[in-house]
Amino acid sequence: MSKQVITINRTYGSNGRLIGKALSERLNIPFYDKELIELVSQECNIPAKELEKVDEKRANQWHLPLKEAMQMEPQYHFRPMNDVLFDAQSTVIRDLAEKEDCIIVGRCADYVLQEKKNCHRVFIYAPFDYRVQTVIHRLDRNETSAKRLVKKMDKERRYYYEYFTDRKWMDMNHYDLCIDSSKF
């Protein structure tokens, strides 16, 4: 029987990660978000700290991170660590989707698994002001700082998604279910 996978893309502060985690607990299936970094680290023998620096970020076309020691290793030479991470995460995501039911947050998993029949693609969003208030409460930030962070993180996620998929991040046609988390 084919494994069921739920992918979740989310705007920053919409509680997409928390919703995915709660759904994982309720369905009693594994949850993967930042855990994917550790899996890639083990698989590729790259320190997790190096991968965290580029997680869900596209490579800067004007700057290859050659000053980073890991970037000078022969197997990564002249290839941005962002691309190394994306390719390795894609392989890990496909492997997980074949062997177990699971929930995967971010990392273009909806795109990576676009050919998988039993993959349910979810996008979680919320109005900007709601997300700002979420960030204020969760991270104990002032309103100005929270607004900047929400804009910055949404921009990074959009750039990352569009860079690696050639799709529009918030194009709701790519998802099976879109949820405004402020309504629930």
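User: In what order do the strands of the open sheet stand, and is their pairing parallel or antiparallel?

Analyst: Strands of a sheet pair through backbone hydrogen bonds, either parallel or antiparallel. In this predicted model, five strands form an open sheet in the order β2-β3-β1-β4-β5, with parallel pairing. Strands are DSSP runs of E of at least two residues, and helices are runs of H or I of at least four, numbered from the N terminus; two strands pair if DSSP finds at least two bridges between them. Because β2 (31-32) and β5 (177-180) each have a single partner strand, they stand at the edges, with one side of each left without a neighbour in the sheet.

User: How many bridges join β1 to β3?

Analyst: Strand β1 (residues 5-10) and strand β3 (residues 102-105) run parallel and are joined by four bridges. T7 lies in β1, and its bridge partner in β3 is I104.

User: Is T7 buried or exposed?

Analyst: T7 has a relative accessible area of 2% and is buried (under 20%; exposed is over 50%, partly exposed in between, with a 1.4 Å probe and protein chains only).

User: At what angle do helices α2 and α4 pack?

Analyst: Helix α2 (residues 35-44) packs on helix α4 (residues 81-99) at about 105°, with the axes 9 Å apart. The two are therefore roughly perpendicular, a class covering 65 to 115 degrees. Axes are lines fitted to C-alpha atoms, for helices over the stretch in contact, and angles run from 0 to 180 degrees between N-to-C directions.

User: What conventions apply to the model?

Analyst: Residues are numbered from 1 along each chain as its sequence is written, and side-chain values use heavy atoms, leaving out hydrogens and water. Local features need pLDDT of at least 70 and side-chain atom pairs count only at pLDDT 80 or more, whereas totals for chains, interfaces and linings use all residues.

Key: Angles under 35 degrees count as roughly parallel, over 145 as roughly antiparallel, 65 to 115 as roughly perpendicular and the rest as oblique.
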